[in-house]
Amino acid sequence: SILLRSVLKRGSASAIRSFSSESTPARKVAVLGAAGGIGQPLALLMKLNPLVSSLSLYDIMGTPGVAADVSHINTRAVVAGFMQEEQLGEALKGADVVIIPAGVPRKPGMTRDDLFNINAGIVKGLCTAIAKYCPEAIVNMISNPVNSTVPIAAEVFKKAGTYNEKKLFGVTTLDVVRAKTFYAGKAKVPVEGVNVPVVGGHAGITILPLFSQATPATNALGADDIKALTKRTQDGGTEVVEAKAGKGSATLSMAYAGAVFADACLKGLNGVPDIVECSFVQSTVISGLPFFASKVRLGKNGVEEVLGLGPLSDFEKEGLEALKPELKSSIEKGIKFATES
Ligand code: NAI
């Protein structure tokens, strides 16, 4: 039809336009909380990513300095800093991917849920602005407790009429990064080639690494080793919180993980095939859990496919049963906050 032809023509024209001046399409990435412990190294890593053409750095304080600093790096992305709420709209307009590491981190003795009271409100405010200024953007939620902040974001977007479950992601990549590192160390295999899916959620026992599916497979690890690796992956965040002794939680490894996940989202948007990462998304993988982390195939629309769990060991099956009540209650807590406040 004429309509179809004109759509195709327009599509190819815009593709040519974006490919003509640059080797890859123009993509705007916004970081909210960009002056924080995660935000700063994440801004650096996104500035180094050749897929980013525009990097928007927003925080309630300190962004001019971070933006000026990062902007001097001679890479493709044009950097702009935004501060205070009146500039949030400008920061978000036209964003393809919004990464949210805004909010307070843990101190020793705290659980991620202890952050709920402060971070829930911050996330709600930021997502309200996203619904208004860039409703089509992919959202990468880093702010904890992720098990609750992702459901909060979903409710805010639903209320605004902009919710697209394919575009909301809880970032659990750091759990995968840790599982890979710890597995490689124990199994004595080169870490570069290691893959370990991590499913469930992003707090304590809800973090369930599937070492039975780790590649390369090894016979070198016994049941006790797997148990210890699982516990270390679940407690990885606390290991850093304790080592930092009151100065916050993981920031550098989290920035790396956040950059890996955002890069995967951008590749998906750009049509690169076979981009699979674990993420906490709206899901039907486990009945009764409307959000769940598992492998997800990323594409031009965000989530192309939520992948199933694959075969689990008995130890992993037990872990899955054990995490369900906590994950369910964290999800419900987020939904309740967003619908009642
Ligand atoms: P931080 O305190 O160093 O930085 C947070 C930044 O957010 C600050 O610059 C602050 O000014 C900013 N901020 C506060 N309210 C804001 C608002 N309304 N709008 C924009 N910016 C705002 O904290 P850090 O270490 O960077 O951690 C940030 C969050 O990431 C925490 O909630 C932490 O628990 C979480 N986190 C998540 C991980 C994950 O695996 N998903 C891993 C590690 C941390």
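**Note on the predicted model: annotated sites, strands and core**

1. Asn 144 sits in the loop that links strand 5 (138–141) to helix 6 (146–160). Helices (H or I, at least four residues) and strands (E, at least two) are DSSP runs, numbered from the N terminus. Asn 144 is buried, because 27 other C-beta atoms lie within 10 Å. The cut-offs: buried means 20 or more other C-beta atoms within 10 Å of the residue's own, exposed means 12 or fewer, and partly exposed is in between, with C-beta atoms placed from the backbone. Beyond its neighbours within four places in sequence, Asn 144 is in contact with Arg 112, Leu 115, Asn 119 and Thr 149. Contact here means C-beta atoms, placed from the backbone, within 7 Å.

2. On the basis of the model: it is predicted, so local features need pLDDT of at least 70 and side-chain atom pairs count only at pLDDT 80 or more, while totals for chains, interfaces and linings use all residues. Residues are numbered from 1 along each chain as its sequence is written.

3. An unreviewed UniProt entry carries the annotation "binding site" for Arg 106, Arg 112, Asn 144 and Arg 178. Positions from UniProt are in the numbering used here, feature names are shortened, and annotations may be inferred rather than shown by experiment.

4. Arg 178 belongs to helix 7 (residues 173–187). Arg 178 counts as buried because it has 26 C-beta neighbours inside 10 Å. Neighbours within four places in sequence aside, Arg 178 is in contact with Thr 233 and Gly 236.

5. Gly 236 leads on to helix 9 (residues 236–244), where Gly 236, Gly 237, Val 240 and Val 241 are buried. They cover an arc of only 140 degrees around the axis, so they lie on the same side of helix 9. The arc is that of the directions from the helix axis to the C-beta atoms. Glu 239 and Ala 243 are exposed on the other side. Cover for the buried residues includes helix 7 and helix 8 (223–234). Ala 245 follows helix 9 with a positive phi, near 45 degrees.

6. Strand 2 (residues 54–59) is largely enclosed by the rest of the structure, because five of its six residues are buried. Strand 2 pairs in the parallel sense with strand 1 (residues 28–32) over five bridges. Pairing requires at least two DSSP bridges between the strands. Val 31 has Leu 57 in strand 2 as its bridge partner. From strand 1 the chain passes through helix 2 (residues 39–47) to strand 2 in a right-handed β-α-β crossover. Right-handed means that, with the strands pointing away from the viewer, the path from the first strand over the helix to the second runs clockwise.

7. Strand 2 also pairs with strand 3 (residues 78–83), in the parallel sense over six bridges. Asp 59 stands opposite Met 83 in strand 3. The crossover from strand 2 through helix 3 (residues 63–71) to strand 3 is a right-handed β-α-β one.

8. The largest nonpolar core has 99 residues, of which Val 31, Val 98 and Ala 153 touch the most other members. Helix 10 (residues 252–269) gives the largest share of this core, 10 residues. Such a core is a set of buried Ala, Val, Leu, Ile, Met, Phe, Trp, Tyr and Cys residues joined through C-beta atoms within 7 Å. Sequence neighbours within four places aside, Ala 153 is in contact with Val 123, Cys 127, Val 139, Met 141 and Leu 168.

Technical notes
Contact = placed C-beta atoms within 7 Å.
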